[in-house]
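Please work through the following exercises with the structure in view. Each task is followed by a solution in steps.

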Amino acid sequence: MAKIQYRQKDVSFVSRRKSRSRYSILKEGTPKRILIHGCPFLITINANNKLQVLSQRSVLIEKGIIKKVFESSKSSSINLKEIDLIYDAEQRGGVVITPGFVNAHAHPPMYLLRSTLTFAEDNLKKTLKGMARLEGKMKNNDFFLGAVGDFTEEQKSGITTTLSHYGIFDPIDKAAEISGHQVINALSALSNSHPKNTPTFVGKYLKASSRFYTQPAIAIHLLEKASPQILKRISFLQKKYKVLFTLHLAENKESTKEVVKKHGDLPVKVLDKYGLLGPLTLISHGIHLTREEILLIKKRKAGVVHLPTSNLLHKSGQFNYPLFHELKCTSQIALGTDSVVSKNRLDLLTEALQTKTIHQQKKIVPYEELFNMITAQGARLLGLNKVGKILPGFRADIAFWKLKDRGFLPYDPDNPSTLVSNMITYGGRNIRDLMINGSFVISNRTHNLIDESELLIQSQKAHLELRKRI
Ligand SMILES: [Zn+2]
């Protein structure tokens, strides 16, 4: 595997922060009890699933969990002897915090194939074919480097949890571990790029799940390629291990037609027939779903991942958000990036803006709903019930954003939710610091675990070697 990791994690953690004024280290070593003091604003989805912008807040974190959220004026009641590290969010205009974002659909190893579609100046089919040829020549180190590149780019734009859908497992697991990323690692039981994969192969990973850094889950690339036998096996595995099942569904009209031809019914009804439609089902794209299918998704509480940029680039058609709204099913929608093949940059604020823009003419998607889709709602649809909110008991996944930034200012102090609309309409930007599971993965805009400069050099090298293989 390529050498891109900083050595001696703890040592670098201390030395990289010593001179930084927002970090006061009270005890050496990896900090477990952290006080984030004096955020001018804390933006979250609250216990009642409503958007909340709170001013002058502090947060106490212990062993990766949010313990307390309180008014900054009450910080003095905290016993500093019990704190390892203080993050000063108050000085120089202050730092706003939000929950880390949740990306519900990605193919991280494809990172080495950046911009294949955005720069496509040939016809789409030909471009995709060329991309698949390169993908077919990728080796484990390419998958690994790609996944590190993908996760770290996501982290820089505030994403802390990702659903990876791909045909290999180990390089993604390793990449998540060294970059400190939270990943649901959905392994294809039936894959275009990895034709040897089977439900039995995936079952081995599910059985050994405690050995991995990532959380194993089941994927299939396309329903029209799955035999009834395979679907029965997957249904058995999902029930046995209670894991997430995800697939591309109704991405284009041809795919739906093929499913009807193969299975004799509409895609969502086929899933239901095999017991594969429930709260742990995540349908990616879902562009050509019928009224009947959306109602069934709602009834079974399954999730749908909306990927507007990918849909535009693949000319797949338009997701029927107005119909989801009419059928009161928008609470089942999450957002995802897809891979860099089908999106410009791996960022969810730009995807929220894209969602807002493309549906604007037919139906307004409120900012509150968009923010929910990329935080708490996205987490719930991934089966993560203690992720995506800054509330006591939740996993300490927190993104830190400078308030004195064009992505926030100017805002209306009488209506601080304008911070959220500004954040989304400004589109993507880089976070200042990022905490995942109670650890600072990025500090002062620098990754603490990955040497980014080395990562980029290695990625370019791997990309060139990959090109030589065809
Ligand atoms: Zn995809």
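**Exercise 1.** Determine how many bridges join strand S9 to strand S10, and in which direction the two strands run.

*Solution.* Strands are DSSP runs of E with at least two residues, numbered from the N terminus. Strand S9 covers residues 182–190 and strand S10 covers residues 215–222. Six bridges join them, and they run parallel; two strands pair if DSSP finds at least two bridges between them. Within this pairing, Leu 190 stands opposite Ile 220 in S10.

The model is predicted: local features need pLDDT of at least 70, side-chain atom pairs count only at pLDDT 80 or more, and totals for chains, interfaces and linings use all residues. Residues are numbered from 1 along each chain as its sequence is written, and side-chain values use heavy atoms, leaving out hydrogens and water.

**Exercise 2.** State the order of the open sheet of eight strands and identify its edge strands.

*Solution.* The order is S7-S8-S9-S10-S11-S12-S13-S14, with parallel pairing. Strand S7 (101–106) and strand S14 (333–335) each pair on one side only, and are the edge strands.

**Exercise 3.** Classify the aromatic pair formed by Tyr 23 and Tyr 87.

*Solution.* Rings of Phe, Tyr and Trp (its six-membered ring) pair if their centres lie within 6.5 Å; planes under 30 degrees apart count as stacked, over 60 as edge-to-face and the rest as tilted. For Tyr 23 and Tyr 87, the centres are 5.2 Å apart and the planes make 90°, so the pair is edge-to-face. Tyr 23 belongs to strand S1 and Tyr 87 to strand S5, 64 residues apart.

Technical notes:
Helices (H or I, at least four residues) and strands (E, at least two) are DSSP runs, numbered from the N terminus.
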